[in-house]
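This briefing sets out selected features of the structure shown below, grouped by topic for reference.

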Amino acid sequence: MKKTTYRGIEKKQARWGVAFVVPSVLFFCLFSFYPIINAMFTSLFDKRILSLAAPKFLGLGNYIYIFKSASFWNSMRATLVFTLGTFIPLLVFSLMFATFIYNICGRRSRGFFQIAYYTPAVLSSVVAAAIWLLILAPPGLGNQVLNWLCRTPGVDRKWLANGTMLQFSTMLVYFWKYIGYFVILFITGLATIPPTIYEAATIDGSSKWQSFWRITVPLLKPTILLVSVMAMLQCLKTFSTQYLFTQSGGAAQDPINVITLNIYETGIRNQRIGRASAMSIVLFVIMLVLTFAQFKISKSDDVDY
Amino acid sequence: MTDKTIASNRSSGLLFALKRVPWARILIWFLLIVMLVFCVMPLVFMVTASMMPASDIIKMPYRWIPRDFHVENYVKAIKGNDGSFTFPRNILNSLIVALTVAFTTVLLASLTGYGLAKFRFRGRNFVFMMIMATMMIPFEAIMIPLYMVATGLHIQNTYLGLILPFLVSAFGVFQMRQYLLTFPGEFLDAARVDGMGEIGIFTKIVLPNCTPVIATLGILSFRGQWDNLLWPLLIVQDEKMKTIPLYISKFAEEKATDEGAMMAVAVLASIPMFILFFALSKYFIGGAAVYESRKG
């Protein structure tokens with residue numbers, strides 16, 4: 001008798017739980033699962049936005065087309081170059097500066113540096129790109145500062161005109177915007193390492209350099225891996241900087257025609273939805289592999305003290 | 001001979017003194033300050049340039065202190081090149097969209113997170129895994145189907161269209177659930193015994209105890225929309241319904257735009273974020289640190 005009433009309460013509560021969860025579940029079904037399935041489906045058809053004719057079934061035709069097209073491979077190259085060229089410096093410098101700030105600064109100056117490094121991240125990426133477009137313009141600050149540092153007055157570095165420099169410029173904007181964010185991530189990671197370990201190492205005669213490589217890096221490995229995968233996923237999805245540089249800055253598109261820009265161009269400008277969907281699926285698969293790698297790695301590498 | 005010893009003595013003394021100088025510390029401070037300059041300089045440039053006439057901005061060398069406040073930049077920024085005053089309207093659009101998304105994300109994510117953390121029902125783990133799985137779907141991969149859905153529903157150029165795909169985020173649900181897992185269930189049971197309804201428990205007990213997560217999540221969602229260029233780019237063509245990122249990219253494209261007005265727009269567009277940042281920097285920094293907890 002008692003048991004049944006108890007079960008009744010449980011059931012009643014369970015109903016509330018379901019009610020709380022249902023709205024989000026519906027949302028995710030409609031705005032995440034349906035679109036990705038739709039994209040997979042559409043990628044098999046020759047579909048255009050405004051065409052009234054029924055879309056023609058192509059099978060893997062779109063995939064074959066994009067894998068043969070130079071523009072797709074150029075986008076893959078641009079995305080890869082951007083991703084590697086951004087996330088490796090981000091990782092190295094943010095770890096370096098986090099260690100500096102953590103070891104050298106007092107509490108006050110630590111807070112100050114964290115906030116100061118983080119301020120660029122407060123700007124939206126469009127504003128960031130707009131500022132850097134002016135800085136990197138031929139008579140802008142970029143040339144002035146570099147020429148002052150290199151003692152070469154009056155040289156134009158062609159930040160936006162030269163293909164290689166253009167790629168570098170987009171990386172620079174991204175690096176500038178996100179360095180503070182990653183510094184903070186690493187400082188949080190560093191704070192979890194118990195100071196007693198360092199004290200023990202110092203007593204045993206370890207130098208700062210040795211402590212860094214033998215203690216900090218191994219113990220921070222989970223954070224490092226997490227941050228690097230996160231940064232990579234972020235970089236793969238970059239769009240705003242490249243869009244503003246090419247649209248508003250008049251920069252050449254080819255060197256920085258990253259995959260998202262290409263999807264946008266193909267799907268919306270050229271109205272080739274099938275092809276754009278095929279590219280989306282390729283991007284999705286790449287990111288899926290990276291995310292799985294992240295889960296695998298972060299599970300196997302947890303540190304206990 | 002004696003001269004030499006004196007000299008060597010002197011140099012070794014000097015060497016000794018040099019060794020006492022903490023070179024590593026000085027070098028590190030130097031690097032920290034170089035980085036600081038690199039991070040802050042573009043911001044200072046934005047603010048100072050917004051007060052200068054264009055002829056001063058593109059002059060070499062750049063003068064860091066504006067001669068006087070060139071108000072025309074701001075007037076032009078607000079009026080727009082064609083004098084149509086779309087900028088204030090677009091700021092308003094961005095505010096509406098970002099605030100709504102922040103509100104719905106917090107509401108739905110806390111509701112779902114609470115349901116997943118504190119209730120037992122069949123399929124709970126499956127639902128949780130399903131929501132987590134959506135984190136792996138990048139928006140860039142589903143934007144075109146979403147665009148087709150939006151055109152099908154005829155919600156281009158509306159607030160609904162701008163807001164709908166971002167009502168709640170999987171990451172928000174995850175964050176809320178993790179936070180509420182540690183919330184003592186005794187409180188909830190006590191309230192139930194006292195005859196409080198489930199909705200009352202949620203609004204009066206659960207929500208007030210989640211303020212740190214709510215603040216971080218709210219800020220993350222707000223800035224996500226404040227920053228969003230791609231989705232509005234797809235579904236908004238009407239000047240009046242554009243959001244700030246769209247306005248900026250269009251304004252930068254126009255031939256009539258001069259550098260000063262451009263930077264004035266940039267400053268004005270950043271003010272809301274900076275107010276949020278300086279009022280709630282703890283939660284911004286915390287929001288960055290939240291990703292740390294994802295590995296657990």
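I88(A) is found in helix α3 of chain A, spanning residues 70-104; helices are DSSP runs of H or I of at least four residues, and strands are runs of E of at least two, numbered from the N terminus. This is a predicted model, in which local features need pLDDT of at least 70 and side-chain atom pairs pLDDT 80 or more, while totals for chains, interfaces and linings use all residues. Residues are numbered from 1 along each chain as its sequence is written, chains are lettered from A and ligands numbered from 1 in the order written, and side-chain values use heavy atoms, without hydrogens and water.

- I88(A) is partly exposed at a relative accessible area of 42% (buried is under 20%, exposed over 50%, partly exposed in between; 1.4 Å probe, protein chains only).
- Together with L80(A), L84(A), V92(A) and F93(A), I88(A) forms a nonpolar surface patch with about 430 Å² of accessible area.
- T241(A), in helix α11 (residues 240-247), is buried, with a relative accessible area of 3%.
- Beyond four places in sequence, T241(A) is in contact (heavy atoms within 4.5 Å) with A129(A), T170(A), V173(A) and Y174(A).
- Helix α12 of chain A (residues 259-269) has ten of its eleven residues buried, among them N262(A) and E265(A).

**Interface between chains A and B**

- Contacts join 89 residues of chain B to 94 residues of chain A.
- The area buried between the two chains is about 8,400 Å², 80% of it from carbon and sulfur atoms (accessible area lost on being put together, summed over both, 1.4 Å probe).
- One salt bridge is counted between chain B and chain A (a side-chain nitrogen of Lys or Arg within 4 Å of a carboxyl oxygen of Asp or Glu).
- In that bridge, D227(B) pairs with K177(A), the closest N and O atoms being 3.9 Å apart.
- D227(B) lies in the loop between α12 (211-226) and α13 (230-235) of chain B and K177(A) in helix α7 of chain A, so the pair joins two chains.
- Both D227(B) and K177(A) are buried.

**Salt bridges within chain B**

- E239(B) forms a salt bridge with K242(B), with closest N and O atoms 3.5 Å apart.
- E239(B) also forms a salt bridge with K250(B), at 3.2 Å between the closest N and O atoms.
- Shared partners join E239(B), K242(B), K250(B) and E254(B) into one network.

**Confidence in chain B**

- Chain B averages a pLDDT of 85 (the predictor's confidence in each residue, from 0 to 100).
- Over residues 291-296 of chain B, pLDDT stays under 50.

Terms used:
Patches are made of residues with over 30% relative accessible area and no salt bridge: like charges are joined within 9 Å, nonpolar side chains (Val, Leu, Ile, Met, Phe, Trp, Tyr) within 5 Å. Accessible areas come from the Shrake-Rupley method with a 1.4 Å probe; for residues, only the protein chains shown count as cover.
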